[in-house]
Amino acid sequence: MRNTFMRSDRRGVWGLALVLVWALAGCARLPYTTRTIHEDQRVVVAVQRDVQPQTYSHPVQLTSAELTSLLRGFSIREQQRLPLRWFSEEQPPKPLFREDDLQALAPHLAQGFQQVGPNDRVHFEVRNPGFNPVYGRDTIAGWMAVRNPYLYLTIEYFHTQIPVRKSDDYDSNYPLPPPTPKEYILYFEPGRFYTSDDKRVPAVEFRQFLKSGEAGAAAPR
Amino acid sequence: MNRLREGLYIFRHQRCAHRLLVGVLIVLAAWLASAGASEAADTGKLVEKDGKYVFVESMDPSLKLLLERSVKSGMITQEEYDQVVKDSEERTQLLSPTFRGWYDRGFNLSMNDNAFFLKIRFRSQLRYTQRFRNDAWRNPGEAKNFPELLGVFGDYRANRSENSSSSFNVRRLRFYFMGHLFDPDFKYYIQMRAETAENAQSPGSLSLFDVNFTYTKLPWANVQFGQYKVYFNRSQINSTASMQFAERALVQDAFTASGLDRRDIGITIMNDEELFPVNYYLGVFNGAGPSFNRLGSFTSEEATVGCPGGQTSGNPFPSPAGCPANQRNLNANTRIDVDRLMYVARLNWNILGRPGYGEGDLAYSETPQLAVGGGYSYNPGVNTSSDNAFVGLDLANLNIRRQLAAFGNGRQLGLGIVDYSTWAADGVFKYRGFSLQGEFYFKNVIRHDKGLPCMNTTCTATAPNNFGNAMGWYVQSGYYLIPRTVELAARYAYWDPDTNSANDLIRQADVSLNWFLNGTYDHQIMVTYSNTQFGTGGYTIGRSAPLPPGSGTVPLDAVGGTLIENAIRVQYQIFF
């Protein structure tokens, strides 16, 4: 079975191994879940570790009512790429959550903010049945964090159809990874509380908002 | 191994196997009959509206309130109330829209409140291949593992070429129609293809690739029947849409369950892979490849029963003693071994998580995913040539022989009728963009004719040695340099197509850089470099010396050497 080119073959294998080691050394990573705080058919709230060191003001005490009033102020529209941006961004933003979404989500978010550390963020998913419920679910997902005096919110999915299973229900064993998060433009009302931090990241001055007396009011829909 | 062979010989003649199959079909029929039965109608239903599940009464609530009060006050009877409720529900049902369409990984059409669902998808892989081959490809060329079979008689042709080639190719072109009927648990899947393989001598045409139905009411006993890929080994269960390289390794194709093709017609019982940590797959198939069955497989026979036929009369192929002289034109195609079926079993254990079958960790698994599995397949009575020992112009079914050659099992051509007993073991690990996967294969090739293969009808000339078995393995690994977007992958594959031959190894090394444009397998660009080395040693009937009488004097492998190919494949895939 031995062939004369065995030696050159071994060199090739070692070469491949070196390339692999070099690639692994790069180690690009994504944030990852360290603990799931709550999960049911409707809501998932988890602690997510950021791969870059952070200095969040966690844990933080926020009541369910406070979170509800904060989240009620957000509206959203999808950030389109050019040239679609020229057309679609004329559409008005939509409210981020419905009231029943907020009722289901806020208590678990409040719990999450009490359990995260300075390097963690609170990741959430709000689930509803998809167009074909056996195949996918309608999902709003994103994460929140607090670095005083700011509250940050990033949305990854907004009413996106996320597969229920890891592989296709109909195309046997074809993997169904969730789509990659999209980019969205968020708005907050009243707008004077929506500002940017020193790194120009949009954030809500949530303490001032909660003190303002406007927190209890329903945001314009 | 001999004991195993004996056991398998006994098993294939056992009636219990057929009884088992009949039993499975009866159970399946009972399940299907129950699929049409629906639950008693409720007075409302859950509907999805703007991404929200709400329970909607079939009747207008205000009308219902008035009617209920009317019953209580005696203004109407209970029978009148029931009738008007029923009429109202029917009216609501008739007036409500039952159709919706949307795009999500395909064009989705849902009808009758999702009782019927159709997803239409399309996939293409467009490829540019730059190939460099050494001088050994010019002579001797590849005549052993992947011979080309010419004409209606399937004469052997060596696959030879000059050193360099450049080509564009529509490597895969697929149309999909899938969904469910009557109930989300009764699924259907149809796949058509219209593509041309590299080295194909004729353009591809639209043909049926898959058609199957799956009933999933019982998660621990899903039933799939029709034509589909046999659940046997990891690399073949996986789709070509979710690979780390532009092509499967050659060794992966050589060790399919049937030895002929990865697809077949039959039935499989299995549990739900996503619900159970240990998954089983038990299948019974024709064992003759896709869109084909054993009734098409024949052996040539003279008009006199038991006498080998289908050849020119006289020397060098005299009839055996007791048989009349051969006649060229009047012979029979005799179906033998047509009561045989292929039996396949696979077991998969998801030790950690559920890595699934897609290659690479595209999903960027947050927790380690580890699985091991193994499969066994027994495919008896494969006619690699007619059993009359006439191997120059072989009149066994050409479709079977071409499948053997296309999947790299060309060394087994001319061995007469064989039973394949194939084993596979595999493992996979995925974690945060890193993946490692490997498989080991072993195929026991059992010839029905004992002794050295005959090379003429009277067996005065024989092959110099017996064919052995076949074994091979591969290991591949990948890492996402940019999570869910850019992956670097490498693979090494080893294949010994005949354990009784020397200098016949096939070794393959691949490196691929893959760009997944939207974070799924659906839209990707791959650049795959492959180095493949074929040993040309070993004896193959009808191509190596000594040649069968009358087949010529110069064998195709008179000039030895190692066939070396370096190829770069740039491939674009879109699946929508």
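How many salt bridges does a search of the whole structure find over all chains? The search turns up 30, where a salt bridge is a side-chain nitrogen of Lys or Arg within 4 Å of a carboxyl oxygen of Asp or Glu.

Before going further, a word on the ground rules. This is a predicted model, in which local features need pLDDT of at least 70 and side-chain atom pairs count only at pLDDT 80 or more, while totals for chains, interfaces and linings use all residues. Residues are numbered from 1 along each chain as its sequence is written, chains are lettered from A and ligands numbered from 1 in the order in which they are written, and side-chain values use heavy atoms, with hydrogens and water left out.

**Some of the salt bridges**

| Pair | Distance (N to O) |
|---|---|
| Arg165(A) and Asp272(B) | 2.9 Å |
| Arg72(A) and Glu99(A) | 2.8 Å |
| Arg98(A) and Asp100(A) | 3.1 Å |
| Asp253(B) and Arg262(B) | 2.7 Å |

Take the Arg72(A) and Glu99(A) pair, 2.8 Å apart at the closest N and O atoms. Arg72(A) sits in helix α2 (residues 64-72) of chain A and Glu99(A) in helix α4 (residues 99-115) of chain A, so this pair ties together parts that are 27 residues apart in sequence. Helices here are DSSP runs of H or I with at least four residues, strands are runs of E with at least two, and both are numbered from the N terminus. Arg72(A) counts as buried at 15% relative accessibility, whereas Glu99(A) is partly exposed at 34%. Buried means under 20% relative accessible area, exposed means over 50%, and partly exposed is in between (1.4 Å probe, protein chains only).

In the Arg98(A) and Asp100(A) pair, Arg98(A) is partly exposed at 21%, and Asp100(A) is partly exposed at 22%.

**Where the chains meet**

Contact (heavy atoms within 4.5 Å) between the chains takes 50 residues from chain A and 68 residues from chain B. The area buried between them is about 5100 Å², with carbon and sulfur atoms giving 57% of that; buried area is the accessible area (1.4 Å probe) that two parts lose on being put together, summed over both.

On the side of chain A that touches chain B, α1 (6-26), β1 (32-39), β5 (120-129) and β7 (150-163) each supply at least two residues. The largest share, eight residues, comes from α1(A).

**Chain B and one of its residues**

Chain B has seven helices and 24 strands, and 54% of its 576 residues are buried. Among its contacts with a separation of 6 or more, 68% are between residues 24 or more positions apart.

Glu439(B) is in strand β19 (residues 434-447) of chain B and is buried, with a relative accessible area of 3%. Its side chain makes a polar contact of 2.6 Å with the side chain of Tyr474(B), and another of 3.1 Å with that of Tyr441(B). Not counting residues up to four places away in sequence, Glu439(B) touches Asn233(B), Arg234(B), Ser235(B), Ala425(B), Asp426(B), Gly472(B), Trp473(B) and Tyr474(B).

Two cis peptide bonds can be picked out in chain A. His58(A) and Pro59(A) are joined by one, with omega about -5 degrees, and Pro59(A) lies in the loop between β2 (43-49) and α2 of chain A. Asn148(A) to Pro149(A) is also cis, with omega near 10 degrees, and Pro149(A) is in the loop between β6 (136-147) and β7 of chain A.

In chain B, Arg432(B) is a residue other than glycine with a positive phi, near 45 degrees. Arg432(B) is found in the loop between β18 (417-431) and β19 of chain B, and it counts as buried at 15% relative accessibility.

Terms used:
A polar contact is a pair of N or O atoms within 3.5 Å; within protein, one must be able to donate a hydrogen and the other to accept it, and residues adjacent in sequence count only if both atoms are side-chain atoms.
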